[in-house]
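Me: I am new to this structure and would like to learn how to read it step by step. Could you take me through it slowly?

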Amino acid sequence: MQSKTYSSSKAFDEGRRKKALALIGRYALFLGPALLVYLPFLLYPLVQTFVLSFHEWNGVSEAKLFVGLDNFRRAFDDDIFRISITNNGIWVVASIALPMFFGLILAVMLSKVQTGQRVYTGVFFAPVVINLIVVGLVWGLIYNPLVGPLGQFFRAIGYPQLAQGWLGNTSTATPAIVLAGNWTFFGFCTVIFLQGLRTVNPEQIEAAMMDGAGAVQRFRYVTVPALSNQVTLLVVISVIGSFKVFDIVYVMTKGGPSHASEVIATYMYWQSFENGRQGYGAALAVLLTLLVAGASIALVSLRERQN
Amino acid sequence: MIERKQLNILLLHVLLTFFALATLFPILIIGLMAFKTNNEIFAAPLRPPDVWRFSQIADAWVQGNFKTYYLNSIMVSVPTVLIVVSCSTLAAYGLVFARLKGSRIMLGLFLLGLIMPLQAVVIPLFHLQVALGLLNTHFGLVLAQAAVGMPFGVFLMRSFMSGLPREIIEAARIDGATDVEILRRVVLPISTAPAMTLATLQFMYSWNDFLLPLMLLQDPEMRTVTLGLFYLQGGTYTLNYTMISAGVLITSAPIMVVFFALQRQFIAGATIGAVK
């Protein structure tokens, strides 16, 4: 050790080189494996989608025609794209309103019972973990006019005209799918609200009771404000999920009938892989990405702040 | 006063039970269908079967090719989980402890994948897999799913490791331990809990994944359970409601059993995974 000296510049260079090599080695060792999968199979396609969105391409031919912003211009004149984005809007509004409403009510009820709380929670949460293809098939059968229990119910109470194909009707297809989608989300809201309710200070409730606040007032002025974090979180998650929705729509109607239940993701898939307009499909993917990324950034920063 | 409170609790249980039954109603009613004949289904959709025909489930298992699909799903999910958990643990250690220059930029690169929808990559991903000869292979699907899962894996493992006390790591380093030794002897033994959460979530994602198999596996023999179930309704069995409902039962029953057995971990994991 005593002979080791850094006085000569050669040894100094040697030391720097070793350090640089060690750094590269650590990079390769720790980040290499993840990047080896991530760069070619996610980041590269992501960049390619943006590039493709400025081109016209049928997905097969050699040549891609550069068309500038034409694909984006076309999207704003496209009636089906308008239907799709409206349907995404319906998803957003419905999945904020219904599952959060039921989730809050169920969470409040659950927080007041001790026995069986775990079982109830499990049951409400079960639809969250069920495969969306299963959900789509199950609800497709529920709505089936011939064998579905819904049709049977309407026939039994004397309204056979309501025993219709809910998914085959342009005006009812989207609400029918949205309802099935909401079924997979309210249990999630319940669990999040239940976690929030555990943090509500019981002393505040008692103080409100002393002041003569009724149950509704206590709920309105003590419980609800305490859940504001959970509400924000669920709203953002609903927005992201409602824009990303694909599986359940594709299984139940494939976006039909005549594109009535289309959402951006299914329409993008149809244009790219069934209609052979991959440049346009890529442009739709870019628009979807901007919407989802915006909402996701909001979610991530929200989570960081809450932790 | 006490009686009134008990009455309230009873009322709550009645309401909660009602909601619980309403939640389960769709699954139960479709589950019943699997044991009925098509004639029984048409005649009275809501009535239980006259005879419980368990053999119909076995028939659906064979006719629906579910054995192949289950094996295919395992061949895809298990390697994907292993790749994501190991690679993102290494990467997280690198980002947090390995004194890498530019680690913030690297983290940003991974986070980019966390905030975008799958649709942002599917078209070029498809053509890339064609070009590499990976189309219709499980390996190609594994690579695609692992790439999609990596950002969340890195994010989860990194946020866990950032919370570890830096003093232990520095102490080990002063004792002359290399990064590999620190990772193996110090960090890994205390990282099993987040790694298990990640593995569970990634397994669920991989098992339930629909869009990537739909695009990348066009050969019917290569289909995963999720994809196989999807094609059950489009193909020969469209009007065979017994077959479809048996398929639903076959694919969701194991997941439900695991869910109710590991309910706590599932719920904790899914609420963390909501970032995805």
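Reply: Let us begin with an idea: a nonpolar core is a set of buried Ala, Val, Leu, Ile, Met, Phe, Trp, Tyr and Cys residues joined through C-beta atoms within 7 Å, where buried means that 20 or more other C-beta atoms, placed from the backbone, lie within 10 Å of a residue's own. This is a predicted model, in which local features need pLDDT of at least 70 and side-chain atom pairs count only at pLDDT 80 or more, while totals for chains, interfaces and linings use all residues. Residues are numbered from 1 along each chain as its sequence is written, and chains are lettered from A and ligands numbered from 1 in the order in which they are written.

Me: Which residues touch the most other members of the largest nonpolar core?

Reply: Among its 169 residues, they are Val37(A), Ile264(A), Leu284(A), Ala147(B) and Met150(B), and helix H4 (residues 66-97) of chain B supplies the largest share of this core, 15 residues; a helix here is a DSSP run of H or I, at least four residues, numbered from the N terminus.

Me: What does Val37(A) touch, leaving aside residues up to four places away in sequence?

Reply: Contact means C-beta atoms, placed from the backbone, within 7 Å, and Val37(A) touches Ile83(B), Cys87(B), Leu143(B), Ala146(B), Ala147(B) and Met150(B).

Me: How many residues does each chain bring to the contact?

Reply: Chain A brings 68 residues and chain B brings 74, with helix H1 (residues 9-52) giving the most on the side of chain A, 17 residues.

Me: How much of chain A is buried?

Reply: Buried residues make up 44% of the 307 residues in chain A, whose C-alpha atoms fill a box of roughly 95 × 65 × 30 Å along the principal axes.

Technical notes:
Two residues are in contact if their C-beta atoms, placed from the backbone, lie within 7 Å. Helices (H or I, at least four residues) and strands (E, at least two) are DSSP runs, numbered from the N terminus. A residue is buried if 20 or more other C-beta atoms lie within 10 Å of its own, exposed if 12 or fewer, and partly exposed in between; C-beta atoms are placed from the backbone.
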